[in-house]
Amino acid sequence: MFEHLGVTAEQSAVYELLVTGGSRTTDELSGFAPETLAALHDRGLVQQRAGDVWQAVAPDLAVEMLIAAREEQHQKARAAAGPLMELYLRNRDEDREESGVVEVVTGVDAVLDLWRTLLSGARSEVCVLDQPPYLSPQEQHVALEDETRSRDVEWRVVYDRSSVDLPGRVAEIVELVASGERARVTPTLPFKLAVIDARVAVLPIAADGKIDKVLLIRPSPLLDVLLSTFELYWDKGIPFSPGGIYATVEDVDPHLLALLAAGLTDEAIARQLRLAPRTVQRRVRQLMDRCGAQTRFQAGVQAMRRGWL
């Protein structure tokens, strides 16, 4: 109990004993180190009563005190990071391609370490413009995303058509959406981007179909522009939510509708759904007829108006 809030295993054992078994004297707790009781008392988790009797503080009050103490430590750490950051930037080699606003991180391992570090510190939201190429296998990314969502971090992702067209990608996105990701698709994106908590951005630099360098962008007008760019493409994107409201339209294939909205060709949709191209053409034609649409684009617009997307 409370180990994740900095309470040691022995302190936790003493506290649980006092909660489950009632008050104890110091002699009755002699099996534990004397400093354990003192530490619990300093944390406000136990109280010493007359007659050398120790009593546990109510768990709801105890956890709030521990959380408040941890938050105070976090605030002190952030305050201390400011002066350290100034020294860090002041002492950097002038030949390096970085400034206080933009830092260049080079090398696949260094970039992956940076990404993991940023996600481990994410507190509220991760916003992503997603397109190839990728640094790591998608299953590793999915695991990282799932870990952040376990801490109530929200994800908003706009997928480029080229990303959705990758083999097995649709099934993966469907799984992510089912787990809580909010996803949209768009025909084209200008670049890859990730913004964490609106406080730092990662802008990958691709060359020859590979990424081995990213720009780490801190609070600045540039970060504001990148965040605005994400919101622009988020507003323009088509929601990708198969299995949700689609379920009320029995004869509409949610995967087909999502891929059609993403702008994929019939051949690309056929590869994703493992259907014959003629089967996809027939289903797209049926969908267009149902919507009264003359073009695939009009079918997408009508699908949005009807609440299928």
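Asp 197 sits in the loop that links strand β8 (193–196) to strand β9 (200–207), and in this predicted model the residue has a positive phi of about 55 degrees although it is not a glycine. With a relative accessibility of 14%, Asp 197 counts as buried, because the cut-off for that word is under 20% relative accessible area. Asp 152 also has a positive phi, near 65 degrees, without being a glycine, but Asp 152 is exposed, with a relative accessible area of 65%.

**The chain as a whole**

- The chain contains twelve helices and eleven strands, and of its 309 residues, 39% count as buried.

**Loops and backbone details**

- Asp 152, the exposed residue mentioned above, is found in the loop between helix α5 and strand β6 (154–160).
- Pro 132 and Pro 133 are joined by a cis peptide bond, for which omega is about 0 degrees, and Pro 133 belongs to the loop between strand β5 (125–130) and helix α5.
- Gly 180, which comes just after helix α7, takes a positive phi of about 130 degrees.

**Helices α5 and α7**

- Helix α5 (residues 138–149) packs with α7 at an angle of about 10 degrees, and the axes of the two helices are 11 Å apart.
- That angle makes α5 roughly parallel to α7, since angles under 35 degrees are counted in this way.
- On the side of α5 the contact is made by Gln 138, Val 142, Glu 145, Asp 146 and Arg 149, while α7 contributes Arg 169, Glu 172, Leu 176 and Ser 179.
- Sorted by class, the residues of this contact between α5 and α7 comprise two nonpolar, two polar and five charged ones.
- Within helix α7 (residues 169–179), the buried residues include Arg 169, Glu 172 and Leu 176, and these three are also named in the contact with α5.
- Val 170, Ile 173, Val 174 and Val 177 are likewise among the buried residues of α7.
- An α-helix has 3.6 residues a turn, so residues three or four places apart point the same way.

**Helices α10 and α11**

- The axes of helix α10 (residues 266–273) and helix α11 (residues 277–291) come within 8 Å and cross at roughly 110 degrees.
- The two helices, α10 and α11, are therefore roughly perpendicular to each other, because the range for that description runs from 65 to 115 degrees.
- The crossing in which α10 passes α11 is right-handed.
- Asp 266, Ile 269 and Ala 270 make the contact on the α10 side, and they meet Pro 277, Val 280, Gln 281 and Val 284 of α11.
- The residues of the contact of α10 with α11 divide into five nonpolar, one polar and one charged.

**Ala 56 and its surroundings**

- Ala 56 has its place in strand β3 (residues 53–56).
- When residues up to four places away in sequence are not counted, Ala 56 touches Tyr 15, Leu 18, Val 19, Leu 45 and Val 46.
- Leu 40 is 16 residues away from Ala 56 along the chain, and the C-alpha atoms of these two residues are separated by 9.3 Å.

Key
Residues are numbered from 1 along each chain as its sequence is written. This is a predicted model: local features need pLDDT of at least 70, side-chain atom pairs count only at pLDDT 80 or more; totals for chains, interfaces and linings use all residues. Side-chain values use heavy atoms; hydrogens and water are left out. Axes are lines fitted to C-alpha atoms, for helices over the stretch in contact, and angles run from 0 to 180 degrees between N-to-C directions. Helices (H or I, at least four residues) and strands (E, at least two) are DSSP runs, numbered from the N terminus. Angles under 35 degrees count as roughly parallel, over 145 as roughly antiparallel, 65 to 115 as roughly perpendicular and the rest as oblique. A crossing is left-handed if the near helix is turned anticlockwise from the far one by less than a right angle, and right-handed if clockwise. Contact means heavy atoms within 4.5 Å. Ala, Val, Leu, Ile, Met, Phe, Trp, Tyr, Cys and Pro count as nonpolar, Asp, Glu, Lys and Arg as charged, and the others, Gly among them, as polar. Buried means under 20% relative accessible area, exposed over 50%, partly exposed in between (1.4 Å probe, protein chains only).
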